[in-house]
Amino acid sequence: MQTTGNHILNQARLIIAIALLSLISTSFAESPMIYEKKVKGDAEKIYKQVFNALENNGYYVVFEPNIGKNLAHFKKRWGKDYNKNKLESIRSMVFCNGWYANQMSNADPQMLALCPLHISLVHKNGVTRILFVRPSLVATGSPAEKIALELEQDVIRTIEGAIR
């Protein structure tokens with residue numbers, strides 16, 4: 001069981017990491033907290049490849065928000081603040097794997113905050129960026145850190161296999 005001191009320290013690290021990510025300029029900047037894979041090609045085709053790979057590798061996609069489409073409803077309202085990076089598509093997949101969820105809950109129920117997971121796909125100028133928050137870094141210091149790393153590696157292998 002995680003001590004209260006370690007728990008508070010891990011929460012503070014996460015809050016600081018999120019705060020730092022929010023301070024990054026609006027251009028794409030690499031972060032060690034986020035796995036990023038850049039793929040040239042049609043965004044819809046890449047999306048379908050990743051979706052199918054997840055579904056075929058033990059993950060269940062439970063929700064598919066089209067964030068770009070949803071944001072477009074606010075174009076007039078937000079005016080010059082709308083889509084400053086001129087992103088052509090923003091899509092996400094919210095997914096889970098029951099076995100990994102059970103293992104996380106066994107090791108550290110608090111890490112169920114990672115379940116379900118999500119991947120975001122952002123497209124601009126013929127390149128899709130696949131973005132995935134690294135569960136192992138969220139779980140640093142947790143009894144679930146090892147399983148979170150295994151989960152992270154499995155999701156990344158699945159993504160990489162999808163876009164070969």
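Q: How many bridges pair strand 2 with strand 3, and in which sense do the two run?
A: Two strands count as paired if DSSP finds at least two bridges between them, and the elements themselves are DSSP runs numbered from the N terminus (helices H or I, at least four residues; strands E, at least two). Here strand 2 and strand 3 are antiparallel and share three bridges, and in this pairing V61 stands opposite F95 of strand 3.

Q: What should I keep in mind about the origin and numbering of these values?
A: This is a predicted model, in which local features need pLDDT of at least 70 and side-chain atom pairs count only at pLDDT 80 or more, while totals for chains, interfaces and linings use all residues. Residues are numbered from 1 along each chain as its sequence is written, and side-chain values use heavy atoms, with hydrogens and water left out.

Q: In what order do the elements of the protein run from the N terminus?
A: The protein contains seven helices and five strands, and, read from the N terminus, these elements follow the order α-β-α-β-α-α-β-α-β-β-α-α.

Q: How many bridges does strand 4 share with strand 3?
A: Strand 3 (residues 89-96) and strand 4 are antiparallel and are linked by seven bridges. Within this pairing, R91 has L121 of strand 4 as its bridge partner, and S92 has S120 of strand 4.

Q: What links strand 4 to strand 5?
A: Strand 4 and strand 5 (residues 127-133) run antiparallel and are joined by five bridges, with S120 standing opposite L131 of strand 5. The two strands form a hairpin with two residues between them, and N125 in this turn has a positive phi of about 50°.

Q: Why can strand 4 be called largely enclosed?
A: A residue is buried at under 20% relative accessible area, exposed at over 50%, and partly exposed in between (1.4 Å probe, protein chains only). In strand 4 (residues 117-124), six of the eight residues are buried, so the rest of the structure largely encloses this strand. Strand 3 is likewise mostly covered, since six of its eight residues are buried, whereas in the protein of 164 residues 36% count as buried.

Q: Where does V62 lie, and what is its relative accessible area?
A: In a regular strand the side chains alternate between the two faces of the sheet. V62 belongs to strand 2 (residues 60-63), and this residue counts as partly exposed because its relative accessible area is 45%.
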